[in-house]
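I opened this entry to keep track of what I looked up, topic by topic.

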Amino acid sequence: MTSLPSDELGTKQTASPKQRKLWAIGVGGLVLILLIGSLTLKKRQPPEVSLTILDSISLDGLDSNVSAFISNASDGVRNNPNSDQAWGRLAMILAAHHFHEQARSCFQIAEQLNTDEFLWPYLQGHLATVQDQAAAIQHFERCIALRPNSALSHLRLGELLLEMKQTQSALEQLETADRLDPDNPRVQLALARLALMNGDLKLSLKLATQAAERAKQKRAPLELLAQIQMALKNEPAAEAQIQILATMPPGPTTWPDPFVLELENLRRDSDALLERVDELIQAGQLQEALRLLTRIVDEHPDVPVYQIKLARVLLDIEQDDLASKVLDRALELHPESSELNRLRGLVYFRSEDWSNAALKFRQAVSLKPDHTPAYFNLGETFLKLNDREAALDAFQQAVRCQSNLAAAHRIIAELLLEKGEREAALKHLKTALAHAPEDQKSQQLMRKLTTP
């Protein structure tokens, strides 16, 4: 009988030393892989998150739009407690509505959940600049670590260090910002302040002048220029800057900061939203104003004042087609609004559709019998339709509502003169000149009336 090999018979064989060594290496490698995987998984697990901060957010007495906005953001956190975006959005909404303590806590949680997100330390730094400058420095330093080439982070840190009179550290940050974003007027202004602080008036003047040339709508460079000229004992030059400042809108005009703007645009209380729009318009940032207004109108179609504001901005920049669409949609929701009807009439007027313009202006004054601008617009429309009597009546209604309306008084004088009512015309013309003595048309008409 032929014998079979031992492995075919199922008998055991003794492993060689080499085989045992290979087995040991394999098992060791497997253990190492499992250990690394376990550590990686543990590292990727989000930190323990507490929701107790949500209980400290009191919505009592808030505007209904604001309370609903915060409630929705809080629900977003409850539904996804390990999302840094949910926590960060809630923090931004809270900060926009002055819940600063709760906002700081939410930002901290957001940053713990995602240490790579630049926005969370940046907004923490922004909030801390007023009350805790040391903490603000740390926040902006983390921003720089995440984005070394962010000129804005270096600038914000440099401005903060300058305010704390840490001049050498401020210089390093501001020079870096200037290298990353050459000719930035805000950087130049900060460097000008630093030079003034160091007693280098010549350099300070040069930098402040450059900042003023590149930021013509900002008061800060001109204020610094006046200060530098006074330090140089150049009083006429200082007075010239002060005169320019007198022609500008009062108060500071904000520097563009996309991250802070993103936060501020989350405000939902009516007064704050309209104030923000006015600030943007005043600063010449019409596209930003339009974006904010469009979003506000979409979110609050029940508030006609927002639609009125949007239509006015569109008319100011001569976007009449878009204004007409906004107004038509608004009038479907608010046909009782006198001002919406007037603005729609104004669009018709500008497109020379006099009949529809008159119809809308009539609707406006029927809804609001003391609506002075609507009466004035109606008078202008009747003049286009060559209905002089109706125009005269509309302008007279306008001055009954607002007696100091110089332009209406002048037009009334012209219409009365056409009818041969010289004395009545003279009376209205004198009233027009009393309220607008520099008006050249009124002056010319007065000379015509008084010249023998």
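For burial I used relative accessible area with a 1.4 Å probe and protein chains only: buried is under 20%, exposed is over 50%, and partly exposed lies in between. The model is predicted, so I kept to its cut-offs: local features need pLDDT of at least 70, side-chain atom pairs count only at pLDDT 80 or more, and totals for chains, interfaces and linings use all residues. Residues are numbered from 1 along each chain as its sequence is written, and side-chain values use heavy atoms, with hydrogens and water left out.

**Backbone**

I took helices as DSSP runs of H or I with at least four residues, and strands as runs of E with at least two, numbered from the N terminus. Most residues other than glycine have a negative phi. I looked up two residues with a positive value.

Glu-318 has a phi near 60°. I found Glu-318 in the loop between α16 (304-316) and α17 (320-333). Glu-318 counts as exposed because its relative accessibility is 63%.

Glu-352 is not a glycine either, and its phi is positive at about 65°. Glu-352 sits in the loop between α18 (338-350) and α19 (354-367). With 58% relative accessibility, Glu-352 is exposed.

**Salt bridges**

Side chains of opposite charge can pair when their charged atoms come close. I counted a salt bridge where a side-chain nitrogen of Lys or Arg is within 4 Å of a carboxyl oxygen of Asp or Glu. How many salt bridges does this rule give? The count is 23.

I noted the bridge between Glu-279 and Arg-276, where the closest N and O atoms are 3.1 Å apart. The two residues are about one helical turn apart because they are three residues apart in helix α14 (residues 270-282). Glu-279 is partly exposed at 40% relative accessible area, whereas Arg-276 is buried at 10%. Glu-264 joins Arg-276 and Glu-279 in a network of salt bridges.

Next I checked Glu-339 and Arg-312, whose side chains form a salt bridge at 2.9 Å, N to O. This pair links distant parts of the chain, with Glu-339 in helix α18 and Arg-312 in helix α16, 27 residues apart. Glu-339 is buried at 12% relative accessible area, and Arg-312 is partly exposed at 38%.

I then looked up Asp-439 and Arg-410, a salt bridge with the closest N and O atoms 3.5 Å apart. Here too distant parts of the chain are linked: Asp-439 is in the loop between α23 (422-435) and α24 (440-450), Arg-410 is in helix α22 (residues 406-418), and 29 residues separate them. Asp-439 is partly exposed at 27%, while Arg-410 is buried at 12%.

**Aromatic rings**

I paired rings of Phe, Tyr and Trp (its six-membered ring) if their centres lie within 6.5 Å; planes under 30 degrees apart are stacked, over 60 edge-to-face, and the rest tilted. That rule gives seven aromatic pairs. Among them, Phe-349 and Trp-354 are edge-to-face, at 5.1 Å centre to centre with 70° between the planes. Phe-349 is buried at 17% relative accessibility. I also noted one aromatic cluster formed by Phe-118, Tyr-122, Phe-140 and Phe-259.

For a charge over a ring, I required NZ of Lys or CZ of Arg within 6 Å of the ring centre and within 35 degrees of the ring normal. Arg-147 lies over the face of Phe-118, 4.1 Å from the ring centre. Arg-344 lies over the face of Tyr-348, at 4.0 Å from the ring centre.
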